[in-house]
Amino acid sequence: METTTVDISCAVSVRNLKVRSGQTEILKGVSLDIPRNGITVLLGPSGCGKTTLLRSMNRLTDLDPGLELSGQILIDGDDVLSRQGDITLIRQKMGL
């Protein structure tokens with residue numbers, strides 16, 4: 001089992017996030033750190049996965065049963081993709 005060290009200067013850490021719908025890979029191994037107390041911009045052309053990334057961060061992807069997610073998203077050190085977490089608390093920390 002892989003362990004991840006938590007960087008407390010980062011509000012959000014994404015590690016090797018993959019999102020798939022059937023045979024289509026929407027996100028292909030995205031990793032990034034979003035620093036605390038700053039402004040971060042996601043910029044790219046239509047259809048490149050910006051909205052899918054944000055929807056993954058607060059588990060709105062749960063509403064689409066056809067999506068498969070793997071990887072890790074940590075918000076304040078808590079693993080968002082863990083089904084044990086309280087989805088209400090996750091969404092209070094991260095909104096769209």
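This report describes the sheet, the nonpolar core and the salt bridges of a predicted model.

## Sheet and helix

Four strands form an open sheet in the order β2-β1-β3-β4, and their pairing is antiparallel. The edges are held by β2 and β4 (78–79), each of which has a single partner strand, so one side of each is left without a neighbour in the sheet. The helix α1 packs on this sheet, where α1 touches β1, β2 and β3, and its direction makes about 115 degrees with that of β1.

Between β1 and β2, which run antiparallel, there are nine bridges, and Lys18 stands opposite Lys28 in β2.

## Nonpolar core

The largest nonpolar core comprises 16 residues, and those with the most contacts inside it are Val12, Val14, Leu17, Leu53, Met57, Ile73 and Ile75. Two or more residues are given to this core by each of β1 (10–21), β2 (24–35), α1 (50–57) and β3 (67–75), with the largest share, five residues, coming from β1. In soluble globular proteins, nonpolar side chains tend to be buried together.

Leaving aside residues up to four places away in sequence, Val12 touches Leu32, Asp33, Ile34, Met57, Ile73, Leu74 and Ile75.

## Surroundings of Leu67

Leu67 belongs to strand β3 and has a relative accessibility of 18%, which lies under the 20% limit, so Leu67 counts as buried. Although Leu67 and Ser21 are 46 residues apart along the chain, their C-alpha atoms are separated by 4.8 Å. When residues up to four places away in sequence are not counted, the residues that Leu67 touches are Val19, Arg20, Ser21, Ile26 and Thr61.

## Salt bridges

The structure holds four salt bridges, one of which joins the side chains of Asp33 and Arg15 at 2.6 Å, N to O. This pair links distant parts of the chain, with Asp33 in strand β2 and Arg15 in strand β1, 18 residues apart. Both partners are partly exposed, Asp33 with a relative accessible area of 39% and Arg15 with one of 29%.

Another salt bridge is formed by the side chains of Asp76 and Arg36 (2.9 Å, N to O). Asp76 lies in the loop between β3 and β4, whereas Arg36 lies in the loop between β2 and α1, so the pair ties together parts that are 40 residues apart in sequence. Asp76 is partly exposed, at a relative accessible area of 38%, as is Arg36, at 34%. The side chains of Arg59 and Asp62 also meet in a salt bridge (2.9 Å, N to O); here Arg59 is buried, with a relative accessible area of 7%, while Asp62 is partly exposed, with 30%.

Technical notes. Residues are numbered from 1 along each chain as its sequence is written. This is a predicted model: local features need pLDDT of at least 70, side-chain atom pairs count only at pLDDT 80 or more; totals for chains, interfaces and linings use all residues. Side-chain values use heavy atoms; hydrogens and water are left out. A nonpolar core is a set of buried Ala, Val, Leu, Ile, Met, Phe, Trp, Tyr and Cys residues joined through side-chain atoms within 4.5 Å. Buried means under 20% relative accessible area, exposed over 50%, partly exposed in between (1.4 Å probe, protein chains only). Contact means heavy atoms within 4.5 Å. Two strands pair if DSSP finds at least two bridges between them. Axes are lines fitted to C-alpha atoms, for helices over the stretch in contact, and angles run from 0 to 180 degrees between N-to-C directions.
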